[in-house]
Amino acid sequence: MKQFIQKRPIMRYQNGELSDAEDVIVSEFPLTIFINKEEFATMVCSPDNLEELVYGFLASEGIIRMKNDILSFEIDENKGMAYVQTSSPISIKQENYSKRFIGSCCGKSRQFYFQNDVKTAKTAMTETKISPNECLHLMEEMQKQSAVFQATGGVHNAALATTSSLKIIRTDIGRHNALDKILGYCILYRISVRDKVLVFSGRISSEVLLKAAKIGVGVILSRSAPSELAIILAEDLNITMVGFIRNGCFNVYTHAKRLK
C-alpha cells in the first residue's frame, strides 16, 4: 500500500521570520480502471481502500449493481492500474456516461447531469428519524476520528452511521471518492443502508447529493453548505439534508420530517 501522507521540507513564515520546517502532505494517486481489457477511466485519489473505491465508482456509474457483477478484480499499485472483468458483457461507450440528461418525467424538478444518474440515483424510502443531538454527536465523532485531516487539512471525510454511532469512515483527497469508498464497502459486505445516515465533511454539491442517493441513504449531514441544485435534488429524491453542523447549530434544508 502506498503512503497516504508524506513529509516534505518547507519554508514557514512565523513571528515575522522565515525558517526551515517540515510539513505533512497528503498523497495523490492516479488509478486507471480497465473493464474487460478496455480502458474506462482514470481517477486521482488517495491510495487506500482502492477496491472499495473501484466497486463504488463502477456502481455509481451504473456499470455494476452488486458484488457478483464482477467476475475478477486485480489492482497493480506499482503501475496504478485496476483490472475488472465483469460476469456479463457490458457496453462502456463513453457517450453513455458523459451525456447530459434532463428528464421531465422523473420528477417535477429533478435534473440529472448524466444519463447514468437516471438509472442509479434512488428516491429515499427510509422512515428513519434523527434527533438534533444525534446530528451534533455524529458530526463531532467524525471530526474526532479524522486523523489525516487533522494532520494535513487536505482531505475529505465521509462516514456511514446509524443515528447513534459511526460504522465506517472513509477518507480521500476527492470528496466524491470518499463517498464511492462508502458505496463500495456497502456492496462488498452487503451492508443495508435503509436505516443509515451519511455524515460528510465538505459542502453538498449536486454531485455529492446524487452520490448519497446512489448509496441509498435518506439523511445526509454536513459540516458545510449545500448548493441550490443539491437542495432541489434532495427535495425531489426525498432526502433530508442538514448542513452547517458546527458549534451546536445546524440548518435543515429539506425534508425536516425526519428530525424528531
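Let's start with helix 4, residues 132-144, which lies across strand 7, strand 8, strand 9, strand 10 (219-222), strand 11 and strand 12. Helix 4 runs at about 50° to strand 9. For angles like this one, axes are lines fitted to C-alpha atoms, for helices over the stretch in contact, and the values run from 0 to 180 degrees between N-to-C directions. Helix 8 packs on the sheet as well, touching strand 11 and strand 12, and its direction makes about 65° with that of strand 12. When I speak of touching or contact, I mean heavy atoms within 4.5 Å.

A quick word on what you're looking at. This is a predicted model, where local features need pLDDT of at least 70 and side-chain atom pairs count only at pLDDT 80 or more, while totals for chains, interfaces and linings use all residues. Residues are numbered from 1 along each chain as its sequence is written, and side-chain values use heavy atoms, with hydrogens and water left out. Helices (H or I, at least four residues) and strands (E, at least two) are DSSP runs, numbered from the N terminus.

Now the sheet under those helices. In which order do its six strands come? The order is 8-7-9-10-11-12, in an open sheet with mixed pairing. Two strands pair if DSSP finds at least two bridges between them. Strand 8 (166-172) and strand 12 are at the edges with a single partner strand each, so one side of each has no neighbour in the sheet. On average, neighbouring strands here are turned by 20° against each other, direction ignored.

Let's walk through two of the pairings. Strand 7 (residues 156-161) and strand 9 (residues 197-200) are antiparallel, with four bridges, and Leu 160 sits opposite Leu 198 in strand 9. Strand 11 (residues 240-246) and strand 12 (residues 249-254) also pair in the antiparallel sense over four bridges. There, Met 241 stands opposite Thr 254 in strand 12. Strand 11 and strand 12 make a hairpin with two residues between them, and Asn 247 in that turn has a positive phi of about 55°.

On to helix 7, which I've been looking forward to. Is helix 7 largely enclosed or left open by the rest of the structure? Nine of its ten residues are buried, so helix 7 is largely enclosed. Buried here means under 20% relative accessible area, exposed means over 50%, and partly exposed is in between (1.4 Å probe, protein chains only). Among the buried residues of helix 7 are Leu 209, Leu 210, Lys 211 and Lys 214. Just after helix 7, Gly 216 takes a positive phi of about 110°.

Helix 7 has two helix partners to show you. With helix 6 (residues 175-188), helix 7 (residues 206-215) packs at an angle of about 0°, the axes being 10 Å apart. The two are therefore roughly parallel; angles under 35 degrees count as roughly parallel, over 145 as roughly antiparallel, 65 to 115 as roughly perpendicular and the rest as oblique. Residues in this contact include Arg 175, Asp 180 and Leu 183 of helix 6 and Glu 207, Lys 211 and Ile 215 of helix 7. By class, that contact has five nonpolar, one polar and five charged residues. For the classes, Ala, Val, Leu, Ile, Met, Phe, Trp, Tyr, Cys and Pro count as nonpolar, Asp, Glu, Lys and Arg as charged, and the others, Gly among them, as polar.

The other partner is helix 8 (residues 228-236), whose axis comes within 8 Å of that of helix 7 and crosses it at roughly 25°. That makes helix 7 roughly parallel to helix 8. Ser 206, Leu 209 and Leu 210 in helix 7 meet Leu 229, Ala 230, Leu 233 and Ala 234 in helix 8. This contact has six nonpolar, one polar and no charged residues.

Finally, the cores. A nonpolar core is a set of buried Ala, Val, Leu, Ile, Met, Phe, Trp, Tyr and Cys residues joined through side-chain atoms within 4.5 Å. The largest has 53 residues, and Ile 33, Leu 58, Leu 209 and Ile 220 have the most contacts inside it. Helix 6 gives the largest share of this core, eight residues. A second, separate core of 16 residues includes Ala 161, Val 197, Val 242 and Leu 259.
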